[in-house]
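Here is a briefing on one protein chain. It starts with the whole chain and then goes to single elements and residues.

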Amino acid sequence: MEIPSKYEPQRVEGHWYAYWTEHGYFSSKPDERKPYTIVIPPPNVTGVLHMGHMLNNTIQDVLIRRARLLGKNACWVPGMDHASIATEAKVVAKLKDQGINKANLSREEFLKHAWDWTNEYGGVILQQLKKLGCSCDWDRTKFTMDDDMSASVIKVFVDLYNKGLVYRGFRMVNWDPEAKTTLSDEEVIYEERQGNLYYLAYAIEGSDEKVTIATTRPETILGDTAICINPNDERYHHLRGKKAIVPICGRVIPIIEDDYVDVEFGTGCLKVTPAHDENDKNLGDKHNLEVIDIFNEDASLNSFGLHYEGKDRFLVRKEIAKELEEKGYLVKVEQHLNKVGTSERTKAVIEPRLSDQWFLKMQELAKPALEGVLETNDIKLYPSKFDNTYRHWMENIRDWNISRQLWWGQQIPAYYYGDGKDDFVVAETPEEALKLAQEKTSDFGLQTSDLTQDPDVLDTWFSSWLWPISVFGGILEPDNEEVDYYYPTNDLVTGPDILFFWVARMIMAGYEYRGKRPFENVYLTGLVRDKQRRKMSKSLGNSPDALKLIEDFGADGVRVGLLLSSAAGNDLLFDEALCQQGSNFANKIWNAFRLVRGWEVADIPQPEAAKVGIDWYRAKFDQTLVEIEDHFSKYRISDALMAIYKLVWDDFCSWLLEIVKPDYQKPIDSVTFDAVTQLFEENLKLLHPFMPFLTEEVWQHIKERTPEEALIVSQWPKPGKVDTALINGFDFAAEVISGIRTIRKEKSIPQKDALELFMMNAEGVDNQMDAIIRKLANLSNLEVTDASLDGALTFRVKSNEYFIPISGAIDVEAEIAKIKEELNYTKGFLKSVQGKLSNERFVNNAPEQVVAIERKKAADAEAKIETLEKSLASLQ
């Protein structure tokens with residue numbers, strides 16, 4: 001096979017991905033091997049690849065490819081989430097562009113449009129993940145709206161209802177007026193916004209007196225049904241039992257007393273609007289107040305809004321404030337920093353709204369999920385700093401509002417047969433519902449046509465919380481072979497932003513429906529931010545095109561670039577230069593391969609330097625492998641990559657290849673060549689999870705291989721006994737070589753000119769490294785001496801002193817002048833450091849670490865002065 005002169009990712013990536021899929025390497029079936037299972041956090045069916053997906057899925061692919069190399073039955077299940085709110089919004093927008101109003105369609109007509117949209121635009125992200133190199137078992141791709149997945153959701157809803165955990169209640173909910181649906185508490189994002197506090201005067205019925213209340217939402221006065229004072233607030237004792245008149249609408253409302261009122265906030269008087277504030281609703285229930293809802297589902301005002309009917313709430317806020325001012329009700333306006341709830345999906349400001357909704361009781365479900373993470377350590381979060389966040393959420397859990405006023409999703413299996421609030425049954429099918437309704441009413445003449453199914457759908461998370469079970473059919477067939485083999489899964493890789501939305505709920509579902517954890521480890525990635533630490537987003541325009549990055553730097557380059565800067569749980573500060581670094585690394589490996597393959601091989605004796613160098617690199621490889629295994633065990637994926645990066649770039653390319661490289665136009669011995677090739681292959685195995693395309697390309701070029709011998713299904717290296725003495729000996733030798741190279745550079749002595757080296761002291765020296773020092777430093781002679789050499793350049797390594805006779809190779813006078821200049825500078829530097837250290841205030845007050853650094857500077861300067869003075873003496 002001809003080896004191209006440079007690495008070409010665009011050509012290589014498509015070729016090897018097709019090869020891997022063609023030979024079924026990603027496919028998994030239950031067998032005798034130990035399973036290693038990951039389920040993908042299902043991206044929205046509407047989604048496209050962004051930087052967060054790139055990071056998250058690269059980490060998953062690293063774990064799955066390594067598991068495959070470890071001989072495990074690696075199964076990575078891909079799929080998509082139907083994303084009720086996001087998808088329905090896209091379909092509604094598309095229909096609007098075509099002049100079609102959703103309100104004019106039947107449910108069936110709308111769902112046809114939704115499926116058409118999904119089939120045309122959905123799943124783009126899964127194709128894009130292939131470009132990144134993700135080795136998912138694509139035959140297992142699931143969609144949360146697949147028939148079997150929907151059936152699983154319905155079965156669970158019915159089961160939880162029958163257990164008394166699902167109930168219907170009239171509650172204050174979070175209403176998204178843009179999506180026209182409720183949201184769970186976790187889907188509401190609170191933002192601090194600058195607003196106003198409006199002070200309004202309410203007349204007291206039958207008197208000239210007025211009472212002032214403060215509100216941030218003057219439009220809601222039209223729904224006021226009481227004013228509340230604190231019974232302990234002496235300022236308002238005289239208002240007990242009286243009534244007030246609401247401005248503009250003229251409604252007469254009672255003045256009630258309750259110690260809920262904060263006497264310090266505003267004026268100490270509270271307007272009570274039970275339909276539009278949860279706390280007001282609680283007060284209303286306690287005091288039997290009227291409930292007046294002034295909003296339509298899109299947050300425009302209804303008929304209770306009087307002359308503002310049909311207008312948007314924020315427009316009314318401005319207009320009503322103006323009217324209140326004109327009519328003398330507005331006392332004053334102050335600026336006020338307010339926490340405003342917004343919809344995670346649509347960004348619309350949430351409106352509290354009273355509504356009949358379906359809820360799931362969470363207290364009992366949360367107990368085993370709390371214990372599994374924080375007490376038994378059955379499930380581990382990485383990094384563990386998220387344990388406290390998890391604890392806070394789970395200990396303060398509220399019932400989950402699981403119904404959504406949408407059509408795209410699993411329709412709630414509740415069937416109504418009468419006009420009463422409780423005239424319904426819950427069943428998996430209309431046929432079962434009919435039987436239950438007949439039994440409940442004793443009316444056996446009821447027909448299916450007499451039943452009306454609840455129009456709401458279930459929250460998207462109510463399907464995805466079953467994901468690790470339902471993808472293996474474990475809800476519909478709890479004892480099937482697949483779920484018994486693959487469940488519980490091993491690792492989950494996701495973002496901390498859905499720790500409660502998804503992760504905690506999957507844990508609850510796992511214990512409830514399998515009696516087991518859904519996964520063993522949760523690796524929580526950080527957010528991808530730009531260099532200015534801003535979260536990447538389309539609106540800021542700071543999020544690069546993920547596919548363009550792959551096109552420019554190659555998938556391997558991007559994967560390395562992302563991981564080199566991504567410590568577990570910490571935010572990733574993304575810079576395209578990191579991808580360039582990854583691309584440069586790929587080129588370095590490719591050039592190293594071309595160098596090795598370009599050598600002529602002959603049956604000649606193996607040089608001593610090559611033999612020692614190979615032994616050293618094997619020891620270094622084993623040492624790094626132990627380090628890598630430790631990093632993987634702690635989910636420090638970036639650290640594992642950095643260890644491999646240094647091993648390959650520094651130790652293999654910069655040191656070993658230089659040690660074994662034959663002289664110009666000379667052959668290499670076959671023993672060394674075979675050993676270097678074998679070590680190269682071991683490097684490729686370590687690199688493969690991180691750089692799958694490049695490594696497979698090099699692997700297949702090294703020699704002809706059958707599909708069974710492909711790198712993707714080769715074997716992860718096993719560490720041998722680490723020879724630390726050999727590693728330490730080489731480290732010392734490397735310092736000696738660096739010292740000689742520094743002198744060559746400073747004195748402009750060409751590498752081709754052989755030098756002599758004399759060593760005094762010889763402590764800690766490994767003599768077997770002499771051959772390597774001779775070769776890499778180009779020495780004609782290397783020997784030990786008892787005394788200093790006159791007329792020689794010197795340098796130190798630890799306590800050993802080295803001499804290089806110059807014998808006319810340099811201008812002695814110029815060298816003396818140069819050494820004197822450096823000596824004077826170093827003495828001046830030492831004096832300034834000693835001055836700092838003799839200052840008692842500095843030594844006593846500065847941090848211990850800072851003082852230690854200054855002392856080291858002084859010691860280094862003293863050692864350098866001693867060496868320079870000896871060099872000067874030897875030249876004079």
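The protein chain has 27 helices and 31 strands. Helices (H or I, at least four residues) and strands (E, at least two) are DSSP runs, numbered from the N terminus. This is a predicted model: local features need pLDDT of at least 70, side-chain atom pairs count only at pLDDT 80 or more, and totals for chains, interfaces and linings use all residues. Residues are numbered from 1 along each chain as its sequence is written, and side-chain values use heavy atoms, with hydrogens and water left out.

**Overall build**

- The radius of gyration of the protein chain is 37 Å, whereas a compact globule of 876 residues would have one near 29 Å. This radius is taken over C-alpha atoms, and the globule rule is 2.2 Å times the number of residues to the power 0.38.
- Along the principal axes, the C-alpha atoms fill a box of roughly 115 × 70 × 50 Å.
- Of the 876 residues, 53% are buried. Buried means under 20% relative accessible area, exposed over 50%, and partly exposed in between (1.4 Å probe, protein chains only).
- The accessible surface comes to about 39,700 Å², and carbon and sulfur atoms hold 48% of it. Accessible areas come from the Shrake-Rupley method with a 1.4 Å probe; for residues, only the protein chains shown count as cover.
- Among contacts with a separation of 6 or more, 77% link residues 24 or more positions apart. Contact means heavy atoms within 4.5 Å.

**Helix α16**

- Helix α16 covers residues 546-553, and its buried residues are Ala-546, Leu-549, Ile-550 and Phe-553.
- Seen down the axis of α16, these buried residues fall within an arc of 100 degrees, so they line one face of the helix. The arc is that of the directions from the helix axis to the C-beta atoms.
- An α-helix has 3.6 residues a turn, so residues three or four places apart point the same way.
- The buried residues of α16 pack against α1 (9-22), α2 (51-69), α5 (124-132), α17 (555-564) and α18 (576-597).
- At the start of α16, a side-chain oxygen of Asp-545 comes to within 3.0 Å of the backbone nitrogen of Leu-547.

**Thr-58 in helix α2**

- Thr-58 sits in helix α2. Thr-58 counts as buried, at 1% relative accessibility.
- The side chain of Thr-58 reaches the backbone oxygen of Met-54 at 2.6 Å.
- Beyond its neighbours within four places in sequence, Thr-58 is in contact with His-53, Leu-132, Arg-559, Leu-562 and Leu-563.

- In strand β2 (residues 73-77), 5 of the 5 residues are buried, so the strand is largely enclosed by the rest of the structure.
- Both faces of β2 are covered, with Asn-73, Cys-75 and Val-77 buried on one side and Ala-74 and Trp-76 buried on the other.
- Strand β1 (residues 35-39) runs parallel to β2, joined by 5 bridges. Two strands pair if DSSP finds at least two bridges between them.
- Pro-35 stands opposite Asn-73 in β2.

- An open sheet of 3 strands has the order β19-β18-β20, with antiparallel pairing. Its edge strands, β19 and β20 (452-453), each pair on one side only.
- β18 and β20 pair over 2 bridges. Tyr-415 has Gln-453 in β20 as its bridge partner.
- Gly-420 lies in the loop between β18 (414-416) and β19 (424-426). Gly-420 is partly exposed, with a relative accessible area of 32%.
- The C-alpha atoms of Gly-420 and Leu-595 are separated by 83 Å, and the two are 175 residues apart along the chain.

**Asn-521 in strand β23**

- Asn-521 is in strand β23 (residues 521-524). Asn-521 is buried, with a relative accessible area of 7%.
- The side chains of Asn-521 and Tyr-635 make a polar contact (2.8 Å). A polar contact is a pair of N or O atoms within 3.5 Å; within protein, one must be able to donate a hydrogen and the other to accept it, and residues adjacent in sequence count only if both atoms are side-chain atoms.
- Leaving aside neighbours within four places in sequence, the contacts of Asn-521 include Lys-380, Tyr-382 and Asn-490.
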